[in-house]
Amino acid sequence: MLEKTYSQLTDKMEKTLTALKDEYSTFRTGRANASILNKIKVDYYGTQSPLTQVATISVPDPKQIIITPFDKSALAEINKAIQKSDIGINPQLDGNIIRLNVPPLTGERRQELVKIVKKKSEEYKIAVRNHRRDVLEHIKKAKNDAEITEDDFKKANDKIQKITDQYIVKIDEVTEAKNKDILTA
């Protein structure tokens with residue numbers, strides 16, 4: 001029972017870490033990165049579709065992103081969706097493509113992004129701790145129902161804390177790497 005519990009806890013924490021990495025990938029760091037467009041939805045024939053489903057996205061150089069719609073009639077809608085997004089880049093129509101020239105980040109914007117990254121890090125650490133709390137409640141219930149012994153409960157408690165500490169460290173490492181990326185881009 002306990003091994004399955006540890007495995008489930010690790011899976012939940014791994015998903016939380018992956019979600020944090022995905023969220024960080026959408027932050028603009030001064031270098032062209034197609035993942036900043038991941039959250040953009042385009043009104044395509046009355047349906048909100050992810051930009052990646054209506055166009056190809058390429059990064060020909062570190063300062064530019066090129067968007068080529070599959071359907072040329074979607075060009076205006078893609079342009080509008082990018083303008084409404086919060087990525088901070090104005091699209092430029094160039095024939096049948098859209099160019100996004102990624103401007104360098106200002107020092108002030110870098111510091112603002114570092115604060116946002118730190119806030120996100122704390123939110124994800126809370127999520128990891130909530131996973132720990134849920135599992136500890138489950139283990140405590142098992143102890144109270146005499147499904148596990150007091151010794152097993154203490155060992156489980158220690159193991160769960162070690163798993164939690166490992167994921168907190170991983171979150172800190174990912175956050176530190178993102179901050180370094182933001183400050184040196």
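How many bridges do β1 and strand β2 pair over, and is the sense parallel or antiparallel? I looked that up before anything else. β1 and β2 (residues 47-50) run antiparallel and pair over four bridges. I also checked Asp43, and its bridge partner in β2 is Gln48.

**Entry: confidence**

A reminder to myself that this is a predicted model. The protein has a mean of 89, with 99% of its residues at 70 or more. By element, β5 has the lowest confidence with a mean of 89, while helix α5 (residues 150-184) has the highest at 93.

**Entry: the β1-β2 hairpin and its tyrosines**

Back to the hairpin. Two residues lie between strands β1 and β2, and Tyr45 takes a positive phi near 50° there. How exposed is Tyr45? Its relative accessible area is 62%, so I logged Tyr45 as exposed.

Next I searched for aromatic pairs and got one in the structure. The partners are Tyr44 and Tyr45, in an edge-to-face arrangement with 4.8 Å centre to centre and 70° between the planes. Tyr44 comes out as partly exposed, at 25% relative accessibility.

**Entry: another positive phi**

Ala146 also went on my list: its phi is positive, near 60°, and the residue is not a glycine. Ala146 sits in the loop between α4 and α5. I have it down as exposed, because its relative accessibility is 66%.

**Entry: helix α3**

Which residues of α3 are buried? For this helix (residues 75-84) I wrote down Leu75, Ile78, Asn79, Ala81 and Ile82. They span an arc of only 165° around the axis, so they lie on the same side of α3. On the face turned away from the buried side I found the exposed residues Ala76 and Lys84.

Then I asked what covers the buried residues of α3. The cover includes the strands β1 (41-44), β3 (55-61), β4 (64-69), β5 (91-94) and β6 (97-101), plus helix α2 (51-54).

Thr16 belongs to helix α1 (residues 2-25). At 9% relative accessibility, Thr16 is buried. I looked for a polar partner and found the side chain of His131, 2.9 Å from that of Thr16. Skipping residues up to four places away in sequence, Thr16 touches Tyr124, Ala127, Val128 and His131.

Ser121 is in helix α4 (residues 107-144). This one is buried too, with a relative accessible area of 4%. What does the Ser121 side chain make a polar contact with? The answer is the side chain of Thr175, at 3.3 Å. Ignoring neighbours within four places in sequence, I listed Tyr24, Ile171, Asp172 and Thr175 as the contacts of Ser121.

**Entry: Ile160**

Ile160 is in helix α5. Is Ile160 buried or exposed? I got 0% relative accessibility, which makes Ile160 buried, as the cut-off is under 20%. With neighbours up to four places away set aside, its contacts are Tyr6, Leu9, Arg132, Val135, Leu136 and Ile139. I also took a C-alpha distance along the chain: Ile160 and Glu150, ten residues apart, are separated by 15 Å.

**Entry: Ala34**

I finished in the loop between α1 and β1, where Ala34 sits. Its relative accessibility is 23%, so Ala34 counts as partly exposed. Leaving out neighbours within four places in sequence, Ala34 is in contact with Ile57, Val59 and Ile65. Where is Thr52 relative to Ala34? I have them 18 residues apart in sequence and 9.6 Å apart in space, C-alpha to C-alpha.

Technical notes
Residues are numbered from 1 along each chain as its sequence is written. This is a predicted model: local features need pLDDT of at least 70, side-chain atom pairs count only at pLDDT 80 or more; totals for chains, interfaces and linings use all residues. Side-chain values use heavy atoms; hydrogens and water are left out. Buried means under 20% relative accessible area, exposed over 50%, partly exposed in between (1.4 Å probe, protein chains only). The arc is that of the directions from the helix axis to the C-beta atoms. Contact means heavy atoms within 4.5 Å. A polar contact is a pair of N or O atoms within 3.5 Å; within protein, one must be able to donate a hydrogen and the other to accept it, and residues adjacent in sequence count only if both atoms are side-chain atoms. Two strands pair if DSSP finds at least two bridges between them. pLDDT is the predictor's confidence in each residue, from 0 to 100. Rings of Phe, Tyr and Trp (its six-membered ring) pair if their centres lie within 6.5 Å; planes under 30 degrees apart count as stacked, over 60 as edge-to-face and the rest as tilted.
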